[in-house]
Amino acid sequence: MIPLSLCNFVRVGLAVAAVFFFNVASVSAQTPKPVGLRLVAEGYVSPINLIPFEDGSGRVLVGDQIGVIKLLSKDGPAKVFLDLRPKVTKLKNGFDERGLLGIALHPKFNDNGKFYIYYSAPLRAGGPEKWDHTSHLSEFRTLPNDRSQADPAYEKLLLQIDEPQANHNSGRMAFGPDGFLYFGVGDGGNGSDVGLGHPPQGNGQDLTTHLGKVLRIDVDSGNPYSVPKDNPFVGNSKAKPEIYAFGLRNPWGLSFDRGGTRELFVADVGQSRFEEVNIIVKGGNYGWNLREGMEGFDPKAPLKKPETMAEKDAEGRPFVDPAIVYKNAKGFPKDTDAGGTCITGGYVYRGKAIPHLTGKYVFADWSRMWTKSDGAVYVATRPETGSNKPWKIELLPLASHPDGQLNKCIVALGESADGELYVMTNDGRGLEGETGKVFKLVPQ
Ligand SMILES: [Ca+2]
């Protein structure tokens, strides 16, 4: 928590910053054309997944963190697709990062009805003493002749990952253009990647654990799955073969670009000073907990820029810098170009409705202040080819809301089958009430 007096100061600063774009390096007075948010669904607690059916129907699944997945038709009412609450670990009414975290439909879902869910289950029998819970990655399926209804009797458990603390779980998933399932796993929680369940080098840098990684598996062969032969650490007896990339803290936003070269964008929630988006490459080390943003990180003094910065990891690999970075208001309470407190992540826009966003990465921050629901939507523009400048970040003006202020926390973004984007919010600080709403990003 930061003191309220500081927050008031931050608020004045952000009002000034709202007309500028920012990146870590510079500030300019340009601003993108306004867009609007149109309400399409409400009554959720914390809607964190919006997954489209790719069958031309316009239907989408909306997954609520508490464990309920609803199917929204284009015009009809929402209906419950799957209620996973009996299998989810007991959640707190207040702030809680556990629950139903990720959903991905099998690329051949229309034929086989298979889909995948990542959720927080109670700590498994035999799990490490005093650890918090166990993450489950499971295969589910619909009823044989009805894609609009999950089969409540079927679950095939693919992977369990024990979690020392309740926070930093990720579990965000997507199938890649190669047909393999990619998913994020957080560093196990706590802060600074230290404490119970965190080895001396941190989970992010420890290749013997799934924690703090992006993993890649093949759900179409093996039992219950197989590891793609070209995963970067296959054959390394000191590494988990599922690892695709590492050095991540809480890779919350995870999406493949529907166009371009189908890059994998992963927004990694920072701790104190920087929020970042990484373009994931095979075997890449994204730095946590030796790096945060473009700087070093010292777990003993997380709010300070360390005097020295590691240039390479323990095996001599250089770190991969993030593509998009902004200052976290917790670490920079006086800076007008601090973009928020927790990156939500987003998508490269490939829809038709808002042409000026095409090819840009549209993303959100959960709340610009820790003490108030103040989510913001941003647009990041890739630098020209050959330039080593960071992506330009601009606040996306929301003409549908007075002064562009949402006054809500943005828990996730979603993408329809035709590339249009959705912004999912709730009013509170956690799993209380049914204030969760789903908005569509529309031209204004
Ligand atoms: Ca990083």
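Donors to a metal are taken here as N, O and S atoms within 2.8 Å of it (3.2 Å for Na, K and Ca), and because water is not among the atoms, sites may look incomplete. The structure is a predicted model, in which local features need pLDDT of at least 70 and side-chain atom pairs count only at pLDDT 80 or more, whereas totals for chains, interfaces and linings use all residues. Residues are numbered from 1 along each chain as its sequence is written, and side-chain values use heavy atoms, with hydrogens and water left out.

The calcium ion has as its protein donors Glu-276 (OE), Glu-276 (OE) and Tyr-286 (O), which lie 2.2 to 3.0 Å from the ion. Glu-276 belongs to strand E19 (residues 274-279) and Tyr-286 to the loop between E19 and strand E20 (291-292), so the pair ties together parts that are 10 residues apart in sequence; helices (H or I, at least four residues) and strands (E, at least two) are DSSP runs, numbered from the N terminus. Glu-276 is buried, at a relative accessible area of 6%, and Tyr-286 also counts as buried, at 3%, where buried means under 20% relative accessible area, exposed over 50% and partly exposed in between (1.4 Å probe, protein chains only).

Aromatic pairs were assigned to rings of Phe, Tyr and Trp (its six-membered ring) with centres within 6.5 Å, planes under 30 degrees apart counting as stacked, over 60 as edge-to-face and the rest as tilted. The structure holds 20 such pairs. In one of them, the ring centres of Phe-53 and Phe-109 are 5.0 Å apart with the planes at 55°, so the pair is tilted. Phe-53 lies in the loop between strand E4 (47-52) and strand E5 (60-64), and Phe-109 in helix H2 (residues 109-112), so that parts 56 residues apart in sequence are tied together. Phe-53 is buried at 1% relative accessibility, and Phe-109 is buried at 3%. Tyr-326 and Tyr-378 form a tilted pair, with 5.9 Å from centre to centre and 40° between the planes. With Tyr-326 in strand E22 (residues 324-328) and Tyr-378 in strand E26 (residues 376-381), this pair ties together parts that are 52 residues apart in sequence.

Salt bridges, defined by a side-chain nitrogen of Lys or Arg within 4 Å of a carboxyl oxygen of Asp or Glu, number 25 in the whole structure. One of these joins Asp-321 and Arg-291 at 3.3 Å, N to O, linking the loop between strand E21 (295-296) and E22, where Asp-321 lies, to strand E20, which holds Arg-291, 30 residues apart. Asp-321 is partly exposed, with a relative accessible area of 39%, whereas Arg-291 counts as buried at 9%.

A further salt bridge is formed by Asp-337 and Lys-327, whose closest N and O atoms are 3.3 Å apart. Asp-337 lies in the loop between E22 and strand E23 (338-340) and Lys-327 in strand E22, so the pair ties together parts that are 10 residues apart in sequence. Asp-337 is buried at 13% relative accessible area, as is Lys-327 at 14%.
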